[in-house]
Amino acid sequence: MTPDVDVVLIRADNPGPFTLTGTNSYVVGRDGCWVIDPGPALDAHVAALAAEVEARGGAAGILLTHDHSDHAGGVPALVEALGGDVPVHASRYPGDVKLANGDMIGSFAVAATPGHAPDHLSFVIYDTVFSGDAVLGQGSVFVAPDPGALRGYLAGLELLKALQPRRIWPGHGPVVEDPMAKLDEYIAHRLERECKLVDALNAGARTIEALLDTAWADIPNVLRPAAAVTLAAHLDKLEEERRLPDGVERPKWPPSWYTQS
Ligand SMILES: [Zn+2]
């Protein structure tokens, strides 16, 4: 029997198309508890986290899945609220301890799950994964077009699958109680998009609009700019694999609306 993870979810009040019902911050363990993703710099949220940490006997440290502001914006305020002496562990965020794939920190194993952001990590404890924005509680993730991002993203999902988790606590949305099915669904979803995209290219589509109209016909308008970002990552992957025809319009990165969520 694997032990249950002593965790509380504290959701920030920053709902939106990318943050869903808000950012999920987690406090894990006691008497040296860990805060995973302090969330946005919202006073009430930071105060709620600090109160939970105090109730659990103080913090061992802060863990960041990635440095986007809806996950990391509250770090300075939380560190200050906890007395200033709490180490921040992250991949890219300028914290105290740099983390990379395979590291152990406390009882957590660190798994690189890039794609949404190049610095993205997931934290694994027993059979539970804290997945940040690598896997969400609902909907799919947008993949940012850094070099190799989509290949890295798919590899990260396979890495999580190999761990055979029984539960995923995501950065947004509800807990995932059937992680293996969710991971399969995510991988299948990406490959299905790629198939649709290749079909559209084969049919002669070359502009961003035409490719989105064909391969992303099912999404609401509000998510179309994010789909253009993921389209860019898909086109990069096809280009890396020498499967991209000439003359395809490429989305600009980063787009003007992008504020790192
Ligand atoms: Zn996020």
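Strands here are DSSP runs of E with at least two residues, helices are runs of H or I with at least four, and both are numbered from the N terminus. β1 and β2 run antiparallel and are joined by five bridges. Two strands count as paired if DSSP finds at least two bridges between them.

Before going on, note that this is a predicted model, where local features need pLDDT of at least 70, side-chain atom pairs count only at pLDDT 80 or more, and totals for chains, interfaces and linings use all residues. Residues are numbered from 1 along each chain as its sequence is written, and side-chain values use heavy atoms, with hydrogens and water left out.

## The six-stranded sheet

β1 and β2 belong to an open sheet of six strands, in the order β1-β2-β3-β4-β5-β6, with mixed pairing. Its edge strands are β1 and β6 (97-98), each pairing on one side only. Helix α1 (residues 43-55) packs on this sheet and touches β1, β2, β3 and β4 (59-63). Touching means contact, with heavy atoms within 4.5 Å. The direction of α1 makes about 165° with that of β1; such angles run from 0 to 180 degrees between N-to-C directions, and axes are lines fitted to C-alpha atoms, for helices over the stretch in contact.

## The five-stranded sheet

Another open sheet has five strands in the order β7-β8-β9-β10-β11, again with mixed pairing. Which strands stand at its edges? They are β7 (104-105) and β11 (167-170); each has a single partner strand, so one side of each is left without a neighbour in the sheet.

Further in, β8 (residues 108-112) and β9 (residues 121-125) run antiparallel, joined by four bridges. A112 has L121 in β9 as its bridge partner. Helix α4 (residues 149-162) lies across β8, β9 and β10 (128-132), at about 150° to β8.

## Two helices side by side

α4 also packs against α5, at an angle of about 160° and with the axes 10 Å apart.

## Salt bridges

How many salt bridges does the structure hold? There are 19, each being a side-chain nitrogen of Lys or Arg within 4 Å of a carboxyl oxygen of Asp or Glu. One of them joins R30 to D6, with the closest N and O atoms 2.6 Å apart. This pair links distant parts of the chain: R30 is in the loop between β2 (24-28) and β3 (33-36), D6 is in the segment before β1 (7-11), and they are 24 residues apart. R30 is partly exposed at 47% relative accessible area, and D6 is partly exposed at 31%. (Buried means under 20%, exposed over 50%, and partly exposed in between, using a 1.4 Å probe and protein chains only.)

E240 and R151 form another salt bridge, at 2.7 Å between the closest N and O atoms. E240 lies in helix α7 (residues 224-240) and R151 in α4, so the pair ties together parts 89 residues apart in sequence. Then there's R243 with E194, at 3.3 Å from N to O. R243 follows α7 and E194 is in α5 (residues 179-202), so parts 49 residues apart are tied together. Is E194 buried or exposed? E194 is buried, at 9%, while R243 is partly exposed at 42%.
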